[in-house]
Amino acid sequence: MTPDRQRRSTVRNRITNGLDRLAAGVQRRFEIDRRALAAFRIALGALLLVDLLRRARKLETFYTDAGVLPREALYSDYSPLYSYSLHAISGEAWVQALLFCVAGVVAVALLVGYRTRIATIVSWVLLISLHLRNPMIINGGDVLFRMLLFWGIFLPLGSRWAVDARRVDRDRQSPTVVSVGTMAVLLQVLLMYVTNAIHKTQSDEWMAGEAVVYIFQADHFTFLLGNVLADQVLLLRAFTYAWMGLILLSPLLLLLTGFGRAAIASLFAGMHLGMLVTLRIDLFPLIVVAGLLLFYPPRAWDGAVAVSARLGIAAPLRRALERLQTTVPVLAVPEFDVPDVDRPRAPSLSAVAARGRVLFATVIPWLLLVLVVLSNGEAVGYTEVPDPGAEILDTLQADQSWRMFAPNPTSTAQWLVVPGELEDGSKVDVLHDSEVDWDRPPNVDTTYDTARERKYVSNMRYADNENHRSYFANYLCERWNRTHETNVETLTVYGMSDRSGPYDEAPDVTEYQLIEYDCSGEFVQRDT
């Protein structure tokens, strides 16, 4: 071999070796342990059940024609997409309760890993339908929840710790999975942090270390430990800097592997669990923790399994799973299986079936992943989503912006006072069924039954579509007249706020008349 040929061969070998190392490095960063996928599936199933139970407390208020958004209002005020919600087929409470029960049964199937992919698809469809029924109460946690479920469709969630695992030959499976689906779900969590971090860097309060101090002054958000920490200004400043530093380092969730990745995932999980006991932001912290489970490497799961065995937890769980696997019937329902990269294709598949598998397992998730990345880029002003892509995202409810407490946090507590005049001339607070009280509540959080009620009130108060105020007023009229002997004739909805900052001694309470409403259905006056 001539010297020139030898040099060219050496260069080619180096390039090939470099590309192989790069590919191996990328694969290590996007592979997920099958036990992590199983824990993720169990977490999603449990969260679906908890979410349904929490929403059921206000089922009539938020999901029926007797509530704050009747179907007629939904159809008139929102795009035709919202009319396709399964929860909009009827305005009766019993129909909504039935749909909630169906969703609960499917969530249990997902939790135990029975017909896992079908259960994931149906759970995602029902969750999207629920969100479309009342967009006024949707929060960032809901957006992440439906995206995690969506990407779960393309993952082998039933290959471990599942009823479906009885059909799996574990000797032919690698302990980890890497695919477009694993890349998409890991990037989804990372995109949430990165996009939110960019929003926060545009905020003076976040960059100056004051944001968490301000947030904890809005006591319609704080509860439990949050009410205790509200006056600890120095500690809250430290939390502000710690959180900003952590989300700015969030790319390490993908760049690191092994112990480093487990450590930073644990830091994020710890911060979110801290939010769970300080801020009333519904299930958002637990939903994020469910996504973070996917970042833990095999060594971490080896340790978790060993600890559970020492504590005597593993054996009873294994026996319970074995009983499920032997007693649950195998239904003749097709499973839309997505091949892992390490699973060979069956040579007997027809060309059409093979193309369908490639379309479902590769082309579709790749396309949607690109659109999701563009959606996050558009949220921070870096790019735009093409119109066809925007329509796809809108249809799948996959567009996202991640502005949680950014760019500008609020220190303003918000509540409502709704004086109404009854037929006998007396006055009462129609919302709270009490005497009219204009004083600031000692703890504004207690004026809301649920975090979704607080979210609705905030959206109703500041909605561009002022019709929502009339829907709310009409709901209060009908609710009162349905449950009291003396009817209410007129009511006025006031939005109350304290304009206090973290360093003001006395709150400056202000009131805004949102709407004056005649319970016969006529508007009297509307101010903003």
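## Basis of the values

The model is predicted, so local features need pLDDT of at least 70 and side-chain atom pairs count only at pLDDT 80 or more, while totals for chains, interfaces and linings use all residues. Residues are numbered from 1 along each chain as its sequence is written, and side-chain values use heavy atoms, with hydrogens and water left out.

## A nonpolar patch

I15, L19, L22 and V26 make a nonpolar surface patch of about 370 Å². Patch residues have over 30% relative accessible area and no salt bridge, and nonpolar side chains (Val, Leu, Ile, Met, Phe, Trp, Tyr) are joined within 5 Å, like charges within 9 Å. A salt bridge is a side-chain nitrogen of Lys or Arg within 4 Å of a carboxyl oxygen of Asp or Glu. Areas come from the Shrake-Rupley method with a 1.4 Å probe, and for residues only the protein chains shown count as cover.

L22 lies in helix 1, residues 3-30. Helices (H or I, at least four residues) and strands (E, at least two) are DSSP runs numbered from the N terminus. With a relative accessible area of 54%, L22 is exposed; exposed means over 50%, buried under 20%, and partly exposed in between (1.4 Å probe, protein chains only).

## Aromatic pairs

The whole structure holds 14 aromatic pairs. Rings of Phe, Tyr and Trp (its six-membered ring) pair if their centres lie within 6.5 Å; planes under 30 degrees apart count as stacked, over 60 as edge-to-face and the rest as tilted. The Y78 and Y82 rings form a tilted pair, because their centres are 5.0 Å apart and their planes stand at 45°. Both Y78 and Y82 are buried.

W438 and Y494 are an edge-to-face pair, with ring centres 5.1 Å apart and planes at 80°. W438 is in the loop between strand 5 (427-429) and helix 20 (451-462), and Y494 is in strand 6 (residues 488-498), so this pair ties together parts 56 residues apart in sequence. W438 is partly exposed at 36% relative accessibility, whereas Y494 is buried at 16%. Elsewhere, ring pairs link W124, F150, W151 and F154 into a cluster.

## Around M496

M496 is also placed in strand 6 and is buried, at 2% relative accessibility. Its C-alpha atom is 5.8 Å from that of T510, 14 residues away along the chain. Leaving aside residues up to four places away in sequence, M496 touches several residues, including W438, R461 and T510; contact means heavy atoms within 4.5 Å.
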